[in-house]
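Please examine the sequence and the model shown here. A short report on the fold and on selected residues accompanies them.

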Amino acid sequence: MYRIIKYFSFIFLLSLFACGDGQETQVKTDPNALKKSMEKANRYMVNDEEADIEDYVTRHGLEMLSTGTGLRYCILKQGSGPLIQEGQTVCLEYELRSITGDLIYSSNNEGNKVFKVGDGSVESGLDEAMSYLHENDIATLIIPSHLAYGLHGDDKKIPAYSTLIYTIKIIDIQ
């Protein structure tokens, strides 16, 4: 949440400098300078999110594996069978929490999550995680915002730029 406040503060300050005194003036901006400024802001937000994730992992004593995309996962209980493959349909029980620990969604309230792996119907981080799991695995997933709902959230309970924590159990694979 603090990250979102900092981001919008930055945008607010940027908009103040963009506002004039009501007279039309033509301001020439250097596109490269603007690009570098935006890259710096994005790097700051990514580093801030990474620090939040590291803090979460440390506080909860988790031994997470990381992928090249930024997804982190920990298999709490090993299942059986082959790895899940793209195109298969999976059914899972889940709890979805914010990085602050607040429960957002769960299969107890929403029903089990059923989706076809690779069809883009779920967060890209959840989709990616399936390739590391087997039937009956129980795992914790940490999905950074760029692999979750990013800039917009889900327009319901997940705010913009939210890191998501899934605890899942793979119930069935077809």
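The following text describes the protein chain as a whole and then two of its residues.

This is a predicted model, in which local features need pLDDT of at least 70 and side-chain atom pairs count only at pLDDT 80 or more, while totals for chains, interfaces and linings use all residues. Residues are numbered from 1 along each chain as its sequence is written, and side-chain values use heavy atoms, without hydrogens and water.

The protein chain contains four helices and seven strands (DSSP runs, numbered from the N terminus: helices are H or I with at least four residues, strands are E with at least two). Their order along the sequence is α-α-β-β-β-β-α-β-α-β-β. Of the 174 residues, 39% are buried (under 20% relative accessible area, with a 1.4 Å probe and protein chains only).

| Residue | Strand | Relative accessible area |
|---|---|---|
| Cys74 | strand 2 (residues 72-77) | 13% |
| Ser98 | strand 3 (residues 89-98) | 15% |

Beyond neighbours up to four places away in sequence, Cys74 is in contact (heavy atoms within 4.5 Å) with Glu63, Met64, Ile138, Ala139 and Thr140. The C-alpha atoms of Cys74 and Met64 lie 4.8 Å apart, although 10 residues separate the two along the chain.

With neighbours within four places in sequence set aside, Ser98 touches Ile104, Thr163 and Ile165.

Methods
Buried < 20%, exposed > 50% of the residue type's maximum accessible area, 1.4 Å probe, protein only.
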